[in-house]
Structure formats: C-alpha cells, structure tokens
Amino acid sequence: TYIHIENEISEKDLLDKEEMLIEAMPRQRSLVYRMSRFEERSLDEIALTMNLSKRTVESHLFLARREIRENMKKII
C-alpha cells in the first residue's frame, strides 16, 4: 500500500542521512560506530580489534551516537 511504500522511503532516507553523518566523522569514530551499530560488536571486541582502550572506544561511541542523534532530531 501507499503508506508501506512511504515508510520504506522514509527509512531509506534516514539510513542515507545516517551514512552521510558516519562518513563525515573522524575515521576511528566512524569505525567504532560501524562496528557497534552494524556488526553488533561489544566494546571489548572493538577495543581489541582496533588496539584501543575500552575507554577510548566508549568515548568514540558516545560522541558518534550523540552526533547522529542530534542531527537526526533536526530532520525528523
């Protein structure tokens, strides 16, 4: 139905916007965010993979999520 198609388009638009925001982030922050959001990796797994402290990973993830959330609020 029309509403279903409209919802799919809206979801794709939001995912596209999220991708733009991720690409604009500093490299480490975007990698941390991607691993957490799309690969569902734990903080420990990300820290080990990237050879970072868990605290650094937490910080990157906090900043990335805040940036995504603040920008998404503007378009919703």
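**Entry 1: ground rules and overall fold**

I take helices (H or I, at least four residues) and strands (E, at least two) as DSSP runs, numbered from the N terminus. By that reading, Arg 29 lies in helix α2. I am working with a predicted model, in which local features need pLDDT of at least 70, side-chain atom pairs count only at pLDDT 80 or more, and totals for chains, interfaces and linings use all residues. Residues are numbered from 1 along each chain as its sequence is written, and side-chain values use heavy atoms, with hydrogens and water left out.

I looked up the secondary structure of the protein chain and found four helices and zero strands. Along the sequence, the pattern reads α-α-α-α.

Next I checked burial, where buried means under 20% relative accessible area, exposed means over 50%, and partly exposed is in between (1.4 Å probe, protein chains only). Of the 76 residues of the protein chain, 28% count as buried.

For contacts I used heavy atoms within 4.5 Å. Among contacts in the protein chain with a separation of 6 or more, 50% come from residues 24 or more positions apart.

I also noted the accessible surface, computed by the Shrake-Rupley method with a 1.4 Å probe; for residues, only the protein chains shown count as cover. The total for the protein chain is about 5,700 Å², and 53% of this belongs to carbon and sulfur atoms.

**Entry 2: Arg 29 and its partner**

I went back to Arg 29 and asked: is Arg 29 buried or exposed? Arg 29 counts as buried, because its relative accessibility is 17%. Leaving aside neighbours within four places in sequence, I found Arg 29 in contact with His 60, Leu 63, Ala 64 and Glu 67.

One of these contacts is also a salt bridge, that is, a side-chain nitrogen of Lys or Arg within 4 Å of a carboxyl oxygen of Asp or Glu. The side chains of Arg 29 and Glu 67 form this bridge, at 3.5 Å from N to O. The pair links distant parts of the chain, with Arg 29 in helix α2 (residues 27-37) and Glu 67 in helix α4, 38 residues apart. Glu 67 has 24% relative accessibility, so I logged Glu 67 as partly exposed.

**Entry 3: more salt bridges**

How many salt bridges are there by this rule? The count comes to seven.

I looked at Asp 44 and Lys 54, whose side chains meet in a salt bridge at 3.7 Å, N to O. Asp 44 lies in helix α3 (residues 43-50) and Lys 54 in helix α4, so this bridge ties together parts that are 10 residues apart in sequence. Asp 44 is partly exposed at 48% relative accessibility, and Lys 54 is partly exposed at 40%.

I then turned to Glu 58 and Arg 55, which form a salt bridge with their closest N and O atoms 3.4 Å apart. Both lie in helix α4, three residues apart, about one turn of the helix. Glu 58 counts as partly exposed at 30% relative accessibility, whereas Arg 55 counts as exposed at 57%.

**Entry 4: along helix α4**

I found Ser 59 in helix α4 (residues 54-75). Ser 59 is partly exposed because its relative accessible area is 31%. I also checked Ser 59 against Val 32: they are 27 residues apart in sequence and 9.8 Å apart in space, C-alpha to C-alpha.

For surface patches I took residues with over 30% relative accessible area and no salt bridge, joining like charges within 9 Å and nonpolar side chains (Val, Leu, Ile, Met, Phe, Trp, Tyr) within 5 Å. Lys and Arg count as positive and Asp and Glu as negative, while His and the chain ends are not counted. The place of a charge is NZ of Lys, CZ of Arg, CG of Asp or CD of Glu.

Which residues form the positive surface patch? They are Arg 65, Arg 66, Arg 69 and Lys 73. I placed Arg 66 in helix α4 and logged Arg 66 as partly exposed at 35% relative accessibility.

I also found a nonpolar surface patch of Leu 14, Ile 75 and Ile 76, with about 300 Å² of accessible area together. Ile 75 lies in helix α4 and is partly exposed, with a relative accessible area of 45%.

**Entry 5: two loop residues**

I noted that Glu 40 has a positive phi of about 55 degrees although it is not a glycine. Glu 40 sits in the loop between α2 and α3 and is exposed at 69% relative accessible area.

Asn 51, also not a glycine, has a positive phi of about 60 degrees. I located Asn 51 in the loop between α3 and α4, and Asn 51 counts as exposed at 71% relative accessibility.
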